[in-house]
Amino acid sequence: MGLLDGKVALITGAARGIGKSIALKFASEGANIVFTDLVIDDNASNTVKEIEAKGVKAKGYASNAANFDDTAKVVAEIQKDFGRIDILVNNAGITRDGLMLRMTEKQWDMVINVNLKSAFNFIHACIPIMMRQKKGSIINMASVVGVHGNAGQANYAASKAGLIALAKSIAQEMGSRGIRANAIAPGFIITAMTASLSDDIKAEWCKKIPLRRGGTPEDIADVATFLASDLSSYVSGQVIQVDGGMNM
Ligand code: NAI
């Protein structure tokens, strides 16, 4: 028996990286998986196949998580195809780093819209479904920089702090309906998002991490599985840092 047998999990931006790892881990615990990404290309189709190989149903949907109407449409389609949504992971995210003096309005708006507004869009569309089911688990993918801030990432850090406050507020608003909401704050995780950083920067990060290594997407997927499952049925409104003990 899996921890998520028979549940339907919706994960945004899961064609690759942390979202994909979460999808695979949830599938290995018995959940049927729906995920979104900007395009369902060969890579995303391969992700669908890898998930299906775990013996569950899976489908990828092309949708821009930052777009309110797109999101309402895709959630309605998912509801039609899969009949329910038990778990929502707001994972889609981007960086457009820069110091405040040089940050453009476009850099600010893009990051806030893709990282934070997307979570509003999906929570708004999924909550009526979860209310009818009298149960649901929402997980927002934040970041340690949303807790501590980070020079050169004001837009990203603000979006991630917003995701934490959004989870805490939804936990308070929806708890009486059986809906839980939590945030995960990953530290330095080795994915495509961080691959472009120079070796020097990566080495600097690792020096600050007591466990002396960058995290893996699987490290995040394990905590997401805890928050998605009934193992955490009395946990809501929390932010869990998954960062190797890093002290920023
Ligand atoms: P990634 O860049 O490898 O994957 C992000 C996925 O989101 C991609 O498949 C991308 O196509 C998709 N995406 C981007 N914009 C989208 C949109 N508008 N609509 C739908 N999908 C969209 O990133 P990674 O590293 O897997 O990150 C996943 C989440 O974890 C992000 O929210 C990121 O901010 C967060 N995170 C990552 C950390 C890291 O060290 N990698 C650390 C802390 C948080």
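## Basis of the description

The model is predicted: local features need pLDDT of at least 70, side-chain atom pairs count only at pLDDT 80 or more, and totals for chains, interfaces and linings use all residues. Residues are numbered from 1 along each chain as its sequence is written, and side-chain values use heavy atoms, with hydrogens and water left out.

Seven strands build an open sheet with parallel pairing, in the order 3-2-1-4-5-6-7. Strand 3 (58-62) and strand 7 (239-242) are the edge strands, each pairing on one side only. Neighbouring strands are turned against each other by 20° on average, direction ignored. Helices (H or I, at least four residues) and strands (E, at least two) are DSSP runs numbered from the N terminus, and two strands pair if DSSP finds at least two bridges between them. Axes are lines fitted to C-alpha atoms, for helices over the stretch in contact, and angles run from 0 to 180 degrees between N-to-C directions.

Strand 6 (residues 179-186) runs parallel to strand 7 and is joined to it by four bridges. Pro186 has Val242 in strand 7 as its bridge partner.

## Helices across the sheet

Helix 6 (residues 154-174) lies across strand 5 (136-141), strand 6 and strand 7, at about 160° to strand 6. Helix 9 (residues 217-228) lies across strand 4 (87-90), strand 5, strand 6 and strand 7, and runs at about 165° to strand 6.

## The second largest pocket

The second largest pocket has a volume of about 220 Å³. Its lining comprises 19 residues, of which Lys135, Gly136, Ser137, Gly178 and Arg180 lie nearest the centre. Strand 5 and strand 6 are the elements that give two or more residues to this lining. By class, the lining has six nonpolar, seven polar and six charged residues. Here Ala, Val, Leu, Ile, Met, Phe, Trp, Tyr, Cys and Pro count as nonpolar, Asp, Glu, Lys and Arg as charged, and the others, Gly among them, as polar.

A pocket is an open set of points on a 1 Å grid over the protein atoms alone, where a 1.4 Å probe fits, with protein on both sides within 12 Å along at least five of seven lines; lining residues have an atom within 4 Å of a point. Grid points are joined across faces, edges and corners, and a volume is the space filled by probe spheres set on the points.

## Buried residues

Arg180 is found in strand 6 and counts as buried because its relative accessibility is 10%; buried means under 20% relative accessible area, exposed over 50%, and partly exposed in between (1.4 Å probe, protein chains only). Its contacts (heavy atoms within 4.5 Å) include Gly136, Ser137, Leu227 and Ser236.

Ser118, in helix 4 (residues 105-133), is buried with a relative accessible area of 4%. Ser118 touches Ala65, Ala66, Asn90, Ala92 and Asn113, not counting residues up to four places away in sequence. Met246 lies in the segment after strand 7 and is buried at 7% relative accessibility. Among the residues that Met246 touches are Val144, Phe188, Trp205 and Pro210.

## Exposed residues with positive phi

Lys134, in the loop between helix 4 and strand 5, has a phi near 60°, a positive value in a residue other than glycine. Lys134 is exposed, at 64% relative accessibility.

Arg212 lies in the loop between helix 8 (199-207) and helix 9. Although not a glycine, Arg212 has a positive phi of about 55°, and its relative accessibility of 57% counts as exposed.
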